[in-house]
Amino acid sequence: MIHEKKIAPKFFDAIRDGTKKMEFRQEDDCVYLLGDIINLREWNGESYSGREIDVRVIHIVRHDDFQAVPKGWAILSIALIKTPFWKCCECGRIIGDHEWASRGRTDEDHICEDCFWKIMKSDDDPCGTIGPKAIQ
Ligand SMILES: [Zn+2]
């Protein structure tokens, strides 16, 4: 199953760059099973940034396995599910699969949210990249 969970920005970045490979999570509203996917949504304490990342649960340690782990909590080893990364065809920034705002003229052209709104606000399209497929 897929669990949708909040995650703080510093942890989001560490998972995304491959450094952080575990999560310590309370199983209060759900139980994690091997193979489950966690959809982690960056949350700054007040709002979502819009960035998301998917990880797969590949190992679980609970209280019954190791008594130092509090009851009701789980240490989850996670594997990053690689999602395609795109280069913004306007500014060149690398953007994640969930982050691009619009396709350009071709399926290979992706435009980041910042550039998309700049182009929309300026009401011009210098590179001719905003095509009919604008906005997912
Ligand atoms: Zn851009």
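How many bridges join β3 to β4, and do these strands run parallel or antiparallel? In this predicted model, β3 and β4 are joined by six bridges and run antiparallel, and the legends below take up these strands and their surroundings.

**View 1. The five-stranded sheet.** Five strands make up an open sheet of mixed pairing, in which the order is β1-β3-β4-β5-β2. Because β1 (2–7) and β2 (22–26) stand at the edges and each has a single partner strand, one side of each is left without a neighbour in the sheet. On average, and with direction ignored, neighbouring strands of this sheet are turned by 40° against each other.

**View 2. The β3–β4 hairpin and its turn.** With four residues between them, β3 and β4 form a hairpin, and G45, which lies in the turn, has a positive phi of about 105°. Along the paired strands, the bridge partner of N39 in β4 is D54.

**View 3. Strand β3, its two faces and its partner β1.** The covered face of β3 holds I38, L40 and E42, whereas I37, N39, R41 and W43 belong to the uncovered one. On the β1 side the strands run parallel, with six bridges joining β1 to β3, and here K6 stands opposite R41 in β3.

**View 4. The pairing of β4 with β5.** Strand β4 (residues 48–62) pairs with strand β5 (residues 73–80) in the antiparallel sense, over seven bridges. Within this pairing, V55 stands opposite L80 in β5.

**View 5. Helix α1 across the sheet.** Helix α1 (residues 9–16) lies across β1, β3 (37–43), β4 and β5, and runs at about 70° to β4. Although K10 and N44 are 34 residues apart along the chain, their C-alpha atoms are separated by 9.5 Å.

**View 6. Confidence along the chain.** The protein chain has a mean pLDDT of 83, and 78% of its residues reach 70 or more. Among the elements of the chain, the highest mean pLDDT, 97, belongs to β2, and the lowest, 65, to strand β8 (residues 100–103). Over residues 131–136 pLDDT stays under 50, and for these residues the model has six contacts beyond four places in sequence. Where pLDDT is low, the predicted coordinates should not be read in detail.

Technical notes
Residues are numbered from 1 along each chain as its sequence is written. This is a predicted model: local features need pLDDT of at least 70, side-chain atom pairs count only at pLDDT 80 or more; totals for chains, interfaces and linings use all residues. Two strands pair if DSSP finds at least two bridges between them. Axes are lines fitted to C-alpha atoms, for helices over the stretch in contact, and angles run from 0 to 180 degrees between N-to-C directions. Two residues are in contact if their C-beta atoms, placed from the backbone, lie within 7 Å. pLDDT is the predictor's confidence in each residue, from 0 to 100. A residue is buried if 20 or more other C-beta atoms lie within 10 Å of its own, exposed if 12 or fewer, and partly exposed in between; C-beta atoms are placed from the backbone.
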